[in-house]
Amino acid sequence: GYSATFYALCFAMALGPSIIGHGSINYALGYVSAAIVGLLTLLEPLVASAAAYVLFDEQPSGLALIGMAIVLCAVVYVLYSGSRQGESDKSATSAE
């Protein structure tokens, strides 16, 4: 079998990201709409790939890079268009 240290590290890797990741998502739901929080979870694989590149020198394939760029552009577009929509709603309300 494996050492107790190995099992402790595995447990920490499973528990730590769960508490931090899911806990921060649940916390954010109190301040941001569920649609935005769900949209931002699409960035998780992109961040994981970037971390793997920095930490482990793991090179993503060209197709993976294209996919990451599409997801990033889509998220930025939705967030930007949502903020612009909010601004136009505010200006329409203040004009009344």
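**Briefing: pocket, helices and aromatic pairs**

The largest pocket holds about 420 Å³ of space. The model is predicted, so local features need pLDDT of at least 70 and side-chain atom pairs count only at pLDDT 80 or more, while totals for chains, interfaces and linings use all residues. Residues are numbered from 1 along each chain as its sequence is written, and side-chain values use heavy atoms, leaving out hydrogens and water.

**The largest pocket**

- A pocket is an open set of points on a 1 Å grid over the protein atoms alone, where a 1.4 Å probe fits, with protein on both sides within 12 Å along at least five of seven lines; its volume is the space filled by probe spheres set on the points.
- The lining consists of 13 residues, and Gly21, Ile25, Thr41, Leu43 and Glu44 lie nearest the centre of the largest pocket; a lining residue has an atom within 4 Å of a point.
- By class, 9 residues of this lining are nonpolar, 3 are polar and 1 is charged. Ala, Val, Leu, Ile, Met, Phe, Trp, Tyr, Cys and Pro count as nonpolar, Asp, Glu, Lys and Arg as charged, and the others, Gly among them, as polar.
- Helices H1 (4-28), H2 (34-40) and H3 each supply at least two residues of the lining, and H1 gives the most, with 5 residues.

**Helices**

- Helices are DSSP runs (H or I, at least four residues), numbered from the N terminus.
- Helix H3 covers residues 44-56, and its 13 residues should span 18 Å at 1.5 Å a residue; the end C-alpha atoms are 17 Å apart, which agrees. The expected span is 1.5 Å times one less than the number of residues.
- Alanine 69 lies in helix H4 (residues 62-95), and its C-alpha atom is separated by 8.9 Å from that of leucine 46, 23 residues apart along the chain.
- Alanine 69 is partly exposed because its relative accessible area is 39%; buried means under 20%, exposed over 50% and partly exposed in between (1.4 Å probe, protein chains only).

**Aromatic pairs**

- The whole structure contains 4 aromatic pairs. Rings of Phe, Tyr and Trp (its six-membered ring) pair if their centres lie within 6.5 Å; planes under 30 degrees apart count as stacked, over 60 as edge-to-face and the rest as tilted.
- Tyrosine 2 and tyrosine 7 pair edge-to-face, at 6.2 Å centre to centre with 80° between the planes.
- Tyrosine 27 and tyrosine 31 form a tilted pair, at 5.1 Å centre to centre with 50° between the planes.
- Tyrosine 27 counts as exposed at 56% relative accessibility, as does tyrosine 31 at 62%.
- Tyr2, Phe6 and Tyr7 are linked into a cluster by ring pairs.
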